[in-house]
Amino acid sequence: MGHRDIPLLETKRLILRGPTAEDYPDFKATFASYRSRFMGGPLTPYETWMLFAAEIGHWEIRGFGMWMIHLKETDEPVGMVGGWQPSQWPEREIAWIIFPGKGGKGYALEAVDCCRRYLYSVKGWEGAVSYLDPKDLDSVRLAERLGCTRDDAARTIDNNDSAYRHPGPAALANSQLADGIALEIAHYRDPLFRPEGWAID
Amino acid sequence: MTVQTPVTAIPEFEAGRLRYRAPQMDDFEPYHAFCASERSRGVGGPYPHRAQAFERLAGLIGHWALRGYGRWMVADRETDAPLGVVGILYPEDWPEPEIAWSLFAEAEGRGIAYEAAQVARRYAYETLGWSTIISCVKPENTRSAALARRLGARPDGHHDHPMIGRLHIWRHPGPEAL
C-alpha cells in the first residue's frame, strides 16, 4: 500500500507530530473528561480507542489528518489540531482540541494558524470550515480570532453545529488579519513583546 | 520540511483464494453496506451512518499502527473485490486479542471466513509467535459460533462488554495442537 508520511510542522513554541501509540494515554484522558463534550464525548475506553485508531487511519485514507501538538521545550502534549473529513462531512474541516488544563496559553491559535498555512500552501486547500457547537464559546472565539465568519448558508454536520468559514489563502496573504494573528501569537510567547517599527499608541 | 515515519505498514499477501491487503477508501461503499446492515449486529451494529462506517474503516488501519497487528481487507484474489474484514482485533475493553471475522453479504456461503480465519490464526502463531488466541462471539450469533466450533475453538467463559453486551469467548486450539 502507498504509505502516507505525516509531515512534522514547527512553530516557535510547538511541534505538530502525527499521533502514535505513546500519545494514547493523553488522548484517552481527554476523551474521558468533560473537556470532550463538544466532540461527541465523554467516551468509553472502547469508543476512545476506536476513535484514536481512526485518527491515525484518517491520514492514510485522506492524506491529511490530525496532528498531536507538543510543546517544543518539554515535548509535553497539549492538544490536537489538523484537517478532518469523515464521510458525511459536507466540507473539509480544520479541527482542534486542547487537553484539559492546557487552555489559555494561545497554543490552539498558534497550532491552527500553522496547520492552516500548511493546508493552504502545501496541500493546496482553497478554504476550510470548522464545525463548532454554538455552546463551545472558547472555540467560537478562537475561530473569530482566526478570521472565520459564521456561514449560515453552509451545510452542517447534523444541524446542531455551526459552520465557521475560514478566510481563504488569498484573503490571508499579506493581510492585516494575518499580521494580527502573528502579533497575538507573539504576545502569548512573550507578554512584553513589542514589535519594532509598528505604530503603538 | 522534516517528514515523519509512515502512518503504518500493513503486511499484504495472497493465500488460497484470497488476497489480504490494507483497507482503502475504495472499500468504503461495500464496508458501509455491511456496517449499515443487520449483518453487523454481531459486531455491535448496525451502524447506519456513513460517518460511523468511515470511522470504523479508518480504525482498521489505525489498529495496525497502535498494536502492530490488526485486520485485513480480505479480497478476491482475481478481481480484488472486497469480501470481508478478517484478522486480529484487540481494542480497549476487550478480554484478549481475538481472531475476528466480518463477511460481506455477497461473500457468503463459500467458506471465505473459514479460510481467512485459519490464515489469521496461523499469522498469530507463526508470525507473531503467540501461544493462544480467542474469538469473541455474541450469544445470539449462532453462525459465527458454528464457525468458531468448526475452527476447533471451545467455549471458555464470557466477557461483558460495556457497549456491545455479553460476548462468549471461544478459545482456539494452540499452535502445538494444530
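Predicted model: local features only at pLDDT ≥ 70, side-chain atom pairs only at ≥ 80, totals over all residues.

**Exercise 1. A helix of chain B**

Determine which residues of helix α4 of chain B are buried and why they line one face of the helix.

Solution. 

Step 1. Helix α4 of chain B comprises residues 142–150, and a residue counts as buried if its relative accessible area is under 20%. The buried residues are B:Ser144, B:Ala145, B:Leu147 and B:Ala148.

Step 2. Viewed down the axis of α4(B), these buried residues fall within an arc of 160°, and therefore they line one face of the helix.

Step 3. Now turn to the other side of α4(B), where B:Thr142, B:Arg143 and B:Arg150 are exposed.

Step 4. Next, identify what covers the buried residues. The cover of α4(B) includes strand β6 (98–103), helix α3 (112–127), strand β7 (134–137) and strand β9 (165–171) of chain B.

Step 5. Finally, consider what comes after the helix: α4(B) is followed by B:Gly152, whose phi is positive, near 90°.

**Exercise 2. A strand of chain A**

Solution. 

Step 1. Look for the pairing strand.

Step 2. Locate a bridge by its residues: A:Gly83 has A:Ile94 of β6(A) as its bridge partner.

**Exercise 3. The interface of the two chains**

Describe the interface of chain B and chain A: what area is buried, and which side chains meet in a salt bridge?

Solution. 

Step 1. Begin with the contacts: 37 residues of chain B are in contact with 37 residues of chain A.

Step 2. The area buried between the chains is about 3100 Å², and carbon and sulfur atoms give 70% of this area.

Step 3. One salt bridge is found across the interface. The side chains of A:Lys28 and B:Glu92 meet in a salt bridge, at 3.2 Å from N to O.

Step 4. Four residue pairs are in polar contact between chain B and chain A, counted with both residues at pLDDT 80 or more.

Step 5. Assign the side of chain B that touches chain A to its elements. Strand β1 (3–6) and helix α2 (50–67) of chain B each supply at least two residues. The largest share, 14 residues, comes from α2(B).

Key: Residues numbered from 1 in each chain as written. Chains lettered and ligands numbered in written order. Heavy atoms only, no water. Buried < 20%, exposed > 50% of the residue type's maximum accessible area, 1.4 Å probe, protein only. Helix = DSSP H or I, 4+ residues; strand = E, 2+ residues; numbered from the N terminus. Arc of directions from axis to C-beta. Contact = heavy atoms within 4.5 Å. Pairing = 2+ DSSP bridges. Buried area = accessible area lost by both parts, 1.4 Å probe. Salt bridge = Lys/Arg side-chain N within 4 Å of Asp/Glu carboxyl O. Polar contact = N/O pair within 3.5 Å; in protein donor to acceptor, adjacent residues only side chain to side chain.
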